[in-house]
Amino acid sequence: MNSNSIALAGNHESMVVSLSKISQLKPQKTGAHVGSFELVPLTQTRFSNPSVRRLIIESHGIFVNLQAQTKASVQEQLGADELVSFSRQYRSVLRSACLSLQETAQGPSEDIALLCDIYRGGELVWSLVELLFIQPQGGSVAVDLVDWAQLNFTQADEYTCEILKAAESGFRPDQQPQYWNAAWLFVLSGRCEDARRLLLSHSRKDDAAFRSIDELLKKFPLDALNRDDVSAFSDWQEEVGSRLRNQHFASYPQLETIAKILAGNDAAWGDLRDVIDSWHEAFVGLALYFHPKLRVVELGEVAEEALRLFPVSNGSLSSLDQTLLALLEMDVLEALRSLSSCSADWWLVSHLTDLLIKAGAQLGPTGDEATQVDLREFLLLEYGSSLMAHDSLWQIGADYLSWCPRNGRAYLEAFFDKIPVDREHKALKLMSACAKYQLDSVATSVARQMTVKLLSAGRINIALGWCLQAKDPALVSFVVERALLEYGQSGLLGSLHLLEHLGDNAFISPALIFLQKYHEFHSLLKAGELLKAGQLLTDLIVSKVAPRKFWKVLFADALLLLDPSDGQVIIDKEATYQLIELLQSVTTEVTALRSNAFVDSDADRNEFSEQMTAFRLALFRNLGKAVCLS
Amino acid sequence: MVNAPFSSLSERAQFVCGKVRKVRWAIGVDRTTAPDTFATGTWDQPVNDVSLWSTTASRSAAFDSSASPPPAGDTFVQLSRFEIGADCEDLVFATSKTLLVATSSGDVRVLDVTPDQIVQQHAWEQLHSLGSLPCAASCLSVHGTDVVTGGEDGKIIRLDLNRVDAKTKIGNIGLSSVRSLSHCGKDQVISGHLTGQLQVWDLRVKGDREGGDPCQTLAASTALDAVTSLGVHPAQPNLVAFGTQLGSVGFCDIRNAYRPLPDLLPIASGPIWEIAFHPLYPDNCFTCADDGTLLHWDAAALKQSSFRSQDASRMNVWLLGAALSDHVKLTNLLPDQKLPVNSVDLAGGSVLVGSDSELVHLVENVLLR
């Protein structure tokens with residue numbers, strides 16, 4: 001027979017899958033191990049990439065500043081300028097992450113390339129969001145789009161770089177294959193000055209047609225649009241149109257195309273059919289030259305028009321395109337939904353939503369505040385959770401969770417409970433974080449875990465230090481009783497210095513107070529203060545505070561004091577009476593009721609009885625002495 | 001009141017990918033200026049490392065063509081790296097080429113450090129353990145060839161750099177976990193414990209097999225407030241500064257410990273991870289804490305007698321208690337820091353800082369009087 005067998009093992013971080021081939025079941029199971037591999041969630045490996053890690057940490061700083069500043073501002077509302085500043089900070093770290101990924105990539109990697117694409121797409125989306133929702137409104141939408149294009153559409157710049165490089169090697173710019181594409185793309189993005197400069201490098205730049213187009217490009221009235229001086233813009237477009245009709249550019253069809261674009265002439269699109277890759281590139285030009293007066297609400301229609309002119313190749317829009325369209329149609333909720341499906345993780349969507357809500361963007365139906373708050377919280381919780389699941393990002397994750405007012409606390413407690421507490425420095429770090437977020441129960445749990453670990457290793461002294469940090473009376477009593485037992489067996493009372501140092505902290509547990517007093521008794525003995533020691537010991541015995549199994553140790557101590565070499569009476573008459581009375585009840589309990597409360601086993605009961613007999617004798621002798629002396 | 005930093009300060013920071021537990025300047029030739037290189041040790045990563053960095057090397061000089069170049073815009077250049085696996089708990093340069101690292105698996109490793117590579121010379125392994133499992137060697141102190149390490153198991157162990165097999169135990173079994181350690185002079189070591197106590201040990205006393213008793217025990221803070229860091233005054237080794245788990249700082253003179261210790265000064269809302277006097281300007285002290293604060297304590301103003309009473313006129317400024325807290329100038333050198341700051345080291349006018357935001361900061365032109 002030959003069968004395959006799979007074994008699985010996993011924890012919250014990863015899963016190991018192991019494959020074996022079983023060749024024989026009887027008489028003995030035999031086979032061979034084929035191989036094993038580990039499955040790790042993508043975020044674990046992704047978050048270990050230095051560029052991504054840096055993005056996470058830097059954006060955390062921006063996020064925390066944003067929350068703090070919002071909270072501190074009037075009516076918890078930040079001004080548009082401040083919001084734009086934060087938006088730019090986010091975009092800046094996103095851009096550096098993208099650059100850093102490309103720079104540090106060692107060899108081609110699918111995941112890195114994917115991540116770069118996602119970050120670039122993220123930048124595209126974020127800058128559009130900033131333009132539409134965060135920037136103070138006013139000024140021309142078309143002009144804003146030109147800025148947006150310049151930031152994000154770099155194809156023309158790349159072509160220009162190639163052309164310049166070729167020019168250095170002596171090739172004529174206008175003979176480069178991408179020359180006209182670059183010029184057209186510049187014009188489409190409204191970068192007329194850049195287009196002008198490129199055209200000036202043409203060998204025929206002094207021809208009439210070239211000079212004509214140069215003049216028109218120079219006069220391009222972008223700031224007129226900004227001043228809402230639409231008539232200046234229409235006049236200029238009229239001029240372009242008339243020169244076109246008068247065949248100024250007949251000798252150069254490429255220049256004619258440029259003129260058509262500038263004049264807002266539909267025939268331009270036919271010429272550009274093979275040049276334009278996607279509707280984005282057409283979109284800005286369409287808005288600028290064909291609908292210069294457009295308002296924000298008309299953007300959606302213009303985008304649709306661009307899509308009709310340049311439909312997507314395989315018929316279905318990518319998530320990125322869907323996001324952009326949704327934004328242009330001012331449907332923020334839909335945009336966020338599409339964005340989450342084309343993002344690598346929750347980073348982009350959560351930070352963007354948080355910023356949008358602070359900018360007052362309408363995410364759901366008007367008046368539905370709850371949706372906004374819920375959405376923000378949901379996304380931040382998801383992002384925070386993905387960080388908490390990673391080995392070392394728990395501090396940052398915890399911070400994000402702490403800014404979720406409704407469920408953050410519950411998530412914090414649940415995640416902190418899962419963080420392994422295997423070394424003291426980590427335990428101290430966790431306790432400090434618990435104090436910061438006021439998670440008292442988790443702090444107690446951490447301290448308890450440390451205590452239990454130490455008890456299992458038999459280090460009761462150190463366990464005593466940690467059980468105090470747990471602030472759990474039952475745990476302290478437990479540890480103290482173990483300490484006393486150990487003393488009873490080994491005769492070594494450790495933690496001496498700690499017991500002197502406890503102060504009021506001893507009051508957490510009666511057992512601890514007893515231990516403290518018992519230590520004091522030994523100190524008095526050592527210092528030779530026998531009378532005080534005797535008094536203290538009597539009090540300790542008579543108060544019945546000590547754990548019962550420890551009483552035999554106390555009795556042994558008392559026995560020593562009752563029989564000093566110098567014949568002195570250390571325990572006085574009153575005290576002796578008290579001890580006799582106590583001893584009586586103990587004897588009854590042990591002999592008549594056959595109780596094992598004071599001993600470890602049945603066998604020890606006889607030994608204890610003998611000790612009690614000796615003790616009783618010594619007490620009566622002491623009584624006699626005390627009476628004689630008084 | 002904590003002041004904002006002076007505008008003349010210049011700060012450079014670099015992302016080093018890995019939470020930085022300790023930063024240490026290399027031992028420089030000239031004590032008045034900062035050396036060119038420093039070391040870092042990371043913690044809480046799946047695999048931790050110790051690295052040597054340069055503050056001045058140009059990228060082309062430091063790297064040959066086979067190695068991948070560092071990203072553009074890097075302030076510090078990583079020269080060499082050594083994986084230690086477990087967390088770095090403490091880091092000390094014993095000589096300009098020898099670096100000692102204490103790890104959370106109970107080891108103390110001796111590393112030979114050069115710009116080309118870091119190689120382990122030898123290691124004392126599992127010096128500290130709880131039962132059969134290793135536990136962290138939490139702190140390290142070096143004086144000449146004398147090395148002392150303290151651990152989570154409450155043991156303090158004395159080692160010799162020149163004799164690999166020499167291991168002496170200091171202190172008996174009754175100690176609580178050792179969180180911090182420092183030599184104060186050639187023959188004395190002071191240890192700070194989880195239970196808020198300081199203990200002073202005389203290294204000349206030959207203990208019995210179980211170690212000896214400390215020559216002094218001081219109550220630095222309460223039993224629930226660990227002593228998380230220690231710093232010894234460079235000119236007066238009997239003057240010790242300590243930081244605690246709950247964010248307080250205290251100063252004490254171990255020669256006059258019978259006097260009540262000056263009050264603790266609460267300055268942070270989290271553990272003080274490192275406290276250090278400036279080696280050349282000891283009226284300046286630096287603390288870094290879990291709440292992200294990096295404080296420069298400038299006590300130079302207190303030298304004027306107007307702040308001091310008659311009998312306090314000859315006391316070191318740091319021991320002035322209330323007068324210190326009223327008149328010391330505190331400046332937060334990293335006002336924007338959000339995550340815990342773990343380590344600080346000083347050389348010349350430069351302050352080197354390591355934090356949980358996986359950054360190493362270098363603050364230069366710090367005003368020192």
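1. Contact here means heavy atoms within 4.5 Å. By that rule, the contact between the two chains takes 43 residues from chain A and 50 residues from chain B.

2. A word on the basis of these notes: this is a predicted model, in which local features need pLDDT of at least 70 and side-chain atom pairs count only at pLDDT 80 or more, while totals for chains, interfaces and linings use all residues. Residues are numbered from 1 along each chain as its sequence is written, chains are lettered from A and ligands numbered from 1 in the order in which they are written, and side-chain values use heavy atoms, with hydrogens and water left out.

3. The area buried between chain A and chain B (the accessible area, with a 1.4 Å probe, that two parts lose on being put together, summed over both) is about 4000 Å², and carbon and sulfur atoms give 57% of it. Of the area that chain A buries against chain B, A:His425, A:His497 and A:His501 supply 17%, more than any other three residues.

4. Eight salt bridges (a side-chain nitrogen of Lys or Arg within 4 Å of a carboxyl oxygen of Asp or Glu) are found across the interface of chain A and chain B. One of the salt bridges joins A:Glu424 to B:Arg179, with the closest N and O atoms 2.6 Å apart.

5. Which element gives the most residues to the side of chain A that touches chain B? With helices taken as DSSP runs of H or I of at least four residues, and strands as runs of E of at least two, numbered from the N terminus, the answer is α2(A), with eight residues. That side of chain A divides into 15 nonpolar residues (Ala, Val, Leu, Ile, Met, Phe, Trp, Tyr, Cys and Pro), eleven charged ones (Asp, Glu, Lys and Arg) and 17 polar ones (the others, Gly among them).

6. In chain A, three strands form an open antiparallel sheet in the order β1-β2-β3, where two strands pair if DSSP finds at least two bridges between them. Because β1 (3-10) and β3 (30-39) of chain A stand at the edges with a single partner strand each, one side of each is left without a neighbour in the sheet. Eight bridges join β1(A) to β2 (residues 15-24) of chain A, and A:Gly10 stands opposite A:Met15 in β2(A).

7. In chain B, four strands form an open antiparallel sheet in the order β2-β31-β30-β29, and its edge strands, β2 (10-15) and β29 (341-347), each pair on one side only. Six bridges join β2(B) to β31 (residues 359-364) of chain B, and B:Ala13 stands opposite B:His361 in β31(B).
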